[in-house]
Each structure stands twice: as C-alpha cells, then as structure tokens.
Number of protein chains: 2
Amino acid sequence: MASSGNEGDQVGRSAGAPAVVRVGVLGAGNVGKALLSLLLEEAQSIEGRTGVRLELAGVAVAHPSRPRSSIPAELLTGDAKGLVTDPSVDVVVELIGGLEPARSLLEAAIGAGKPVVTANKELIAEHGAELATSAASAGVDLFYEAAVAGAIPIIRPLRESLAGEKLRRVMGIVNGTTNFILTTMSEEGHSYTQALAEAQRLGLAERDPTADVDGYDAAAKAAILASLAFGCEVVSSDVAREGISSVDPVDVDFAGRLGYVVKLLAVAERIDAGTAASQDAKEISVRVHPAMLPRTHPLASVRGAFNAVFVEGEAAGQLMLYGSGAGGRPTASAVLGDLIDAAHHLRAGFSARPTPRTRVRMHPADDLRSAWYLNIDVADRPGVLASVASVFGEHAVSIRSMEQVGMGNEARLIFVTHVARQGDLMRTLDGLSRLEVVDRIGGVLRIVGDEEA
Amino acid sequence: MASSGNEGDQVGRSAGAPAVVRVGVLGAGNVGKALLSLLLEEAQSIEGRTGVRLELAGVAVAHPSRPRSSIPAELLTGDAKGLVTDPSVDVVVELIGGLEPARSLLEAAIGAGKPVVTANKELIAEHGAELATSAASAGVDLFYEAAVAGAIPIIRPLRESLAGEKLRRVMGIVNGTTNFILTTMSEEGHSYTQALAEAQRLGLAERDPTADVDGYDAAAKAAILASLAFGCEVVSSDVAREGISSVDPVDVDFAGRLGYVVKLLAVAERIDAGTAASQDAKEISVRVHPAMLPRTHPLASVRGAFNAVFVEGEAAGQLMLYGSGAGGRPTASAVLGDLIDAAHHLRAGFSARPTPRTRVRMHPADDLRSAWYLNIDVADRPGVLASVASVFGEHAVSIRSMEQVGMGNEARLIFVTHVARQGDLMRTLDGLSRLEVVDRIGGVLRIVGDEEA
C-alpha cells in the first residue's frame, strides 16, 4: 500500500484519525475542473462528512504552462505517466476520455497497486473487462459510476444493491442530447433539424452531433449496463444501434395522439427461451433505438436533458433511477463518490469484489418480439386496405389498431400491431414496399413498455 | 471471524473459491418468507452471479412447531437468542419488526462479531445511532437498505455514491398506502374514506390504518433519511408530522385545476442561515406532511403504491430513485443485496465505514418558508375580499393568485400565496378565523417543488 506524502499520516487501517489520501487527476476539461474545484474548495467539508481527507497531488494536462486561474500552477504537470507512477499518489482519477492514452495510464496505475476512478464510457465499454481483470489481480478498485448517466447512482446499485437480483431488463434514457431533441419535437412540434439546432445553440449538442444522434454514445453505455446487469462481456460493437435522425415529427405527433412518447432507449434484456434457459448459455439482447413508450411509463416523464435508467428484476420489481446525465458538476459528484469509496477501501486494505462473468449469446434480432407502430401512405381507393392488411396476415403480424387519415388523393394509414417477431415485421415491410398501392413507408417504431398488449 | 459450519470451507480472505456464509434469519412473516424462498431456491444462481454461497442456518419464529410448507422443519427454532449466538451462524438478518426483542437480538449478534441486516424502520429510526456505534466498535456491518422504500436503493446511494455531496434536501414519497389513497382521490374523485376502504380491500392498508395515514411510518423513514443525508442523529419523535386524513377531495380537485398533485411527503432539508451557516451548528428541518407538487415535478408522476425519493445536491443536482416501496419480494430483494455485501465484507475482514455524525439544530417550524394553498368559504357580499386580503397583508403574506367560486349565498376563495414564513401564515389563518365574514377555513396545504415562485 502506498504511503501518503504527508509526514506522519499513513494510509492504512487507522479507523479513527483521518488519513490523507493523495489524488492524481488526469485531464482538466469540464468534469476535471468541476472535480478540482470540489477537491480544492471543499476538502474540509468532505472530510467532515466522510472522515476522509482527499488531497490533490497533481493534475496532468496537455499544456501545463498555459495559465489556469482555478488550478495552482505547482500542481500542473505535462507528465501523466510520471503522475500515475509517483509513489506519493494514492489514487488515480482519469478524465481524459478516449481509448489511448487513458487505457495505458489506468493500466499503469493499477500495475502500481493504485485504485482508479474513471468517467470514460468509451474505455469501459471497450476494455472494461480487461481493466477489471487487471484490477482484480492487483487487488485494487476500478470504479466508473460517472461513465453512465452522470450523477445518477446506477453502477453501484447494479453491482451491489441488486447483486442478488435476477434482472430481466434494463432500459435507459442515457443520452441527454437526444432526449432534449425528442422532448422539443414532442412539446414544441419542431422538426428534427430545428430541435437539433436548438440543442446546439444551448450547448447541449456538438457541432458534429453524430456520436449522440446516431446512438454511439448510448451504445457504449448500453454495453456497460448489459455487462453489469448480466455479468458478461458486451462491447460497443455488440450493440445493435439506430439513431434518431430519421424520426419524423409527424410520427412524434401520432405517438402523442395514441398515448405514447418517443424516446431513444438503450436496452439490455435477458431473453428466456421457450424452455428453461440454462444459466450457462443465457441469451441477451443489447440495443439502442428510438421507441414509443406509454405516457404512463415512468421513463415517459423524463424530459429535456435528464437521464434515467429503468430496471426490472424478478424480486425487486420495477425501479427507476433518474437525474442529471451530464454536465461538469453532476459528473464530478459521481467521480467524488467513487473516490471517497476507493479511499476508504484503500485505508482498510479492501477492494470491491469483481462481478463474476458468465458467457452469453446475443439473441438474434429477427427473434426479438415487440409491438410496432407503422405509418404508411397509400393511394386512396377502394380495396387498398384489404391488400395492405393481407400482407400483414401473410407474415403472421396481427394488427391491434388502424387509423386512416385522409390527405387528398392519398390516405395515411397508422397501424399499431400486436407483439410480433422482428423478422416477421421486416418481411411485412418488404412486402408492403412491393405493393403498387403503397406510395411510401414512413415511420416505423417499436412500442416498448406495454408488453402485456 | 466465525468459521462456517461446513467442513473445509472457511470464511476468510479467499478471493477465489466460494466460501459458504451461513445466515440466521429472525422472523418468517411476509418479507421473511420471500427471503427464505430466495435463499432456498436461488442459492446456486446467486452464487453464480456474486461468487458468494449463502446457506440458511436457521429461522427463528414464535411457533416453531407450526407446520410451514415452505421451510424445512429442521431449520425452524423458537430460540432466537440461541440462533444469534450459534457460532456456526455468520450473519444475522432481523425481520421481526418493532423495538424489542429485535434490538437486543441485533446487539447480541453484533456483540458476537456478526454483521447484521435488518428491514426494521422503527428500530433504526429509534436506535440506529446506538446500533451503528456498537457495529463500528465491533467492526461489523449494520445494513438496513430495506428499512426505507423497500427495493429502492436509497440507503447505499446516500451512504456511498453521494458521500461527497453537500445535500440540500431529500423529499420522499415513502408510504405506499397513503400514496395509493391520494392517487385514487385524485384520479377517481373518491373521498378519503372511499379511497381508504379501497386500499383496505386490496390489502394495501391495515384495518387500523393509523400508522400509515397519520404519517408515523413516513416519519420513521424521514428520521432515517435525515440522519444519513446530514450525518446526524434524528429520531422519529423529532419529526413534525401531519397525516392525510383531513385531506378533502375538493382540495385535491382544485390542486389538479391549478396544475398540482397532492402527495404525502417526507422532507429532510438543510436550512442555510442568512449568513454563511457554520458547519458545526447546521440547522435542518425534518417533517412529514401532505403538500401540493407541480404536475411537472418528477415526484408528481409517482402513482399508486409506488415510492420514490427525490434528492437535491449542490453538485449532483436533482436525482430521483423510484420503485416498489413495500411487498415481500421487493423488500426481500433489498435484504438480499445487503446480505451479499455483508458476506463479501465478512470474507475480506472489512466493514463499511460509519458515517461521521455532526450536531444539528432543528429549524423552528415558524421560520420554515413555502408557498401555500388556502381554501376559504366566505359570505358572498361586497367588501369581503378586501377584508380577507387585508388580513394576509397584516401578516406579510403576499397573494400570488386568487380564484373565486360562487356557491349560492357563499363564495369560496382559493388563494395561492407567494413564499411566506410558516409563522406568518399561521397568524394569517388565526386572523381569518376571527373575521365575521369567514364561514370556514377549508384545506390549507404547502406548495413544494416550485420554490422559485
């Protein structure tokens, strides 16, 4: 165990007197700055609340000579590797983002026997399993509460509170940008393009919004949630991904009239086979896609840039954890919670248990079952509905409701199906697109959260 | 550290091989039965998910000879004290409820060096501080996630994830019975009596509903939440308490028209003095009362028997944790999460840190500030509004809105005030009751959750 740099203070099993735990921070962006301000200005009040004195040992940044009003110059360094391996640094916090050099620096810290805390979703989604293995062999903590849904406690509840729970499904609104865009489309009637521009104006979307609107950010979080919920190794590229850029305000509006709201969901789901699924070869589905949720569903009330994760367990029933999913201070708060836990564990010579991993199979997308919403423009003449309906019937997709909206020479048909196999639905769409009377297949959205239908 | 009863298996720092942890359970009521079914039927799958094998050592019940289909007879005992002190029992779970003998049994278990898990809110609200002190000196865990809001992870997030966070306020819907009654009144237009009868018919309310409807249950949970959120010792009798039995469906209806819903809230709040409050003598307010919440507030969408806790922190912002607040299986799930954590800690010779406690002062109720809703019946004649309004003015209570509803010879005045001191509002009510033109002061409700108003 590393000894602290302070004379007399020893990091060790000294339950009474507060020991100093020295923290090395990598990166001073938005989250880094918020964390440093907490560490520099609130160290005493944090010690009062927790019994742990956190002392900032150093901050590694790309340009250490650039003046920064909020960070004392003597704490800045350009040598991240040197900070990580400095024997006076007890715990390392990584807030650089991206895969490298973040990964090598965390491995170096773990190799030096130091607990690590990170907010890096890409890294955990891609290399979480290897990092966890390294941390377990070194007997140190690897914490990443801030990597999914910012300030919302979700990693620790999944790892600890729900450890005994057989989970069925975890569904999250884990990207604030897309939730803001969809909320604005729904409540203001804006188009996708207008809503995106509004998000960009407010600093909620990047100039290049691809990572958010195409679901890459949500997919990384879905991979992390799936890995924890089902004790397996799921990486970003395992996640089936659809973004929101093709969501049409017309469909958002129809969703509202039918009692639904459109949300971008990250879903990790255990699929029980028809017969008892064996524990060794369980099947899961992990995906990101827009979906229609009943307005009464707890996730439906998550508006604007907020995040929430909805968890369904066999004994616990339905849970939802809601809060700020991004932003410097909320994310720094989650990092700080991890840091305090890691410091406590370090003093006691303890580290959190690694989650045992089992093998899983990805459930074939064609076999996924849900209800669907379809918006189809057809020629407005007799017999059209019959030919359209017969295509549904041919592919064993049963219609729950149909509404016809006149539009001059055309008619718009709004279908809601009963629960159907995704493969059957796709073949239905294919069949419909071949019908001469079908002019255009518009919105096609899964309906989630009223599975009893 | 107690050795397990199984030959060869040793409870200790053996990260690899699964050690058996033997569990003694006190009580076999609703929650106990659900926990036993998880322990007996799912032990293997829990071991697969967590690496911990939990083995049921025994179940202490009042009538051990009464046949129970779900519990093997050889595990039943009438000797709770004997089970707690049996050297082959590693961890004790208390599900008896009430103060005694629960308290003595837990102290005996702690005294014997055993981690304890309880779902007993009365006990923790009353003697949580002493039990925590005993557990800390014995170096064992005292866990009670199930004591507040059933399956919802709230104790652990407050203790760990939010440990570094300076919390402003914790507001919970922590009693499912009263939330069901208020939801039914709001959505079905039922009277309090009708809604209570419906709750009793569904088994959601006791035949004597006092503990729920008069807020005693919520007050115990408020005391526990306040103690954790502010690191202090608050007991049930410190909690200001108003129940829901006088909530009138008329006011629930007006609340709806004004954009609010009526909820029974458990509130624990830090009050900042006008000048910077010193950390040593911070003031808090802990209370249970019905209140009007804006319909857009996350707690407003918590319907029926569900629970939720809304947390406001300086860095984390707003968080909400939502789920099933009662019921055998959800509560047993929370107990099981604690049990797995305690078992892991026991194997590693670790125990969770106790929260440092600071002294707090209870903020005087008269100084509490909120907006208010008032429903006043007056004689319908000229000049009445002027004399009523002048009483508000005399006591420095500023009116935000007023609506008059005609009722024959009478008029009903619905007032919403700006934020006002509770003492001033009470003096306003006193002054109004002395006015000859005031026939009746009906509903008086705090408005919470739009403090910017």
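Two strands pair if DSSP finds at least two bridges between them. With that rule in hand, the views below can be read one by one. The model shown is predicted.

**View 1. Strands β1 and β4 of chain B pair side by side.** Strand β1 (residues 20–26) and strand β4 (residues 91–94) of chain B run in the parallel sense and share 4 bridges. That count meets the rule of at least two bridges. Look for B:V25 and then find its bridge partner in β4(B), which is B:V93. Helix α1 (residues 30–41) of chain B packs on the sheet here. It touches β1, β2 (53–60) and β4 of chain B. The direction of helix α1 makes about 140° with that of β2(B).

**View 2. The open sheet of chain B has 6 strands.** Their order is β3-β2-β1-β4-β5-β6 (chain B), and the pairing is parallel. Which strands stand at the edges? They are β3 (76–77) and β6 (142–143) of chain B. Each edge strand has a single partner strand, so one side of each is left without a neighbour in the sheet. In a regular strand, side chains alternate between the two faces of the sheet.

**View 3. Chain A has an open sheet of 6 strands.** Here the order reads β3-β2-β1-β4-β5-β6 (chain A), with parallel pairing. The edges are β3 (76–77) and β6 (142–143) of chain A. Each has a single partner strand, so one side of each lacks a neighbour in the sheet. Now move to strand β1 (residues 20–26) and strand β2 (residues 53–60) of chain A. These two run parallel and are joined by 7 bridges. One bridge to pick out is that of A:V20, whose partner in β2(A) is A:R53.

**View 4. B:N120 sits in a loop of chain B.** The loop lies between β5 (116–118) and α5 (121–138) of chain B. Is B:N120 buried or exposed? Count the other C-beta atoms within 10 Å: there are 25. The cut-off for buried is 20 or more, so B:N120 is buried. Leave aside its neighbours within four places in sequence, and B:N120 is in contact with B:E94, B:G97, B:A102 and B:A147. B:E145 is 25 residues away along the chain, and its C-alpha atom is separated from that of B:N120 by 9.7 Å.

View 5. Strand β15 (residues 399–407) and strand β16 (residues 410–417) of chain B pair in the antiparallel sense. B:S401 stands opposite B:V416 in β16(B). How many residues lie between β15(B) and β16(B) in the hairpin? There are 2. In the turn, B:G408 has a positive phi of about 75°.

**View 6. Helices α7 and α8 of chain A cross.** Two packed helices are described by the angle between their axes and the distance between the axes. For helix α7 (residues 176–188) and helix α8 (residues 192–201) of chain A, the axes come within 9 Å and cross at roughly 130°. That angle makes α7(A) oblique to α8(A). The crossing is right-handed. From α7(A), the contact uses A:T177, A:F180, A:I181, A:T184 and A:M185. From α8(A), it uses A:Y192, A:A195, A:L196, A:E198 and A:A199. By class, this contact has 7 nonpolar, 2 polar and 1 charged residues.

**View 7. Helices α13 and α14 of chain A pack together.** Helix α13 (residues 384–394) and helix α14 (residues 422–434) of chain A lie with their axes 9 Å apart, at an angle of about 150°. Angles over 145 degrees count as roughly antiparallel, so α13(A) is roughly antiparallel to α14(A). The crossing is right-handed. On the α13(A) side, the contact is made by A:V388, A:V391, A:F392 and A:E394. On the α14(A) side stand A:T428, A:G431 and A:L432. By class, there are 4 nonpolar, 2 polar and 1 charged residues.

**View 8. Chains A and B meet.** Here 50 residues of chain A are in contact with 50 residues of chain B. Which elements of chain A give two or more residues to the side that touches chain B? They are α2 (43–50), α6 (155–161), β12 (317–324) and α12 (328–348). The largest share, 11 residues, comes from α12(A). By class, this side of chain A has 23 nonpolar, 18 polar and 9 charged residues. Find A:Y322, which stands opposite B:M320 in β12(B).

Technical notes. Residues numbered from 1 in each chain as written. Chains lettered and ligands numbered in written order. Predicted model: local features only at pLDDT ≥ 70, side-chain atom pairs only at ≥ 80, totals over all residues. Contact = placed C-beta atoms within 7 Å. Nonpolar A, V, L, I, M, F, W, Y, C, P; charged D, E, K, R; others polar. Axes fitted to C-alpha atoms, helices over the stretch in contact; angles between N-to-C directions. Parallel < 35°, antiparallel > 145°, perpendicular 65-115°, else oblique. Left-handed = near helix turned anticlockwise from the far one by under 90°. Buried ≥ 20, exposed ≤ 12 C-beta atoms within 10 Å, placed from the backbone.
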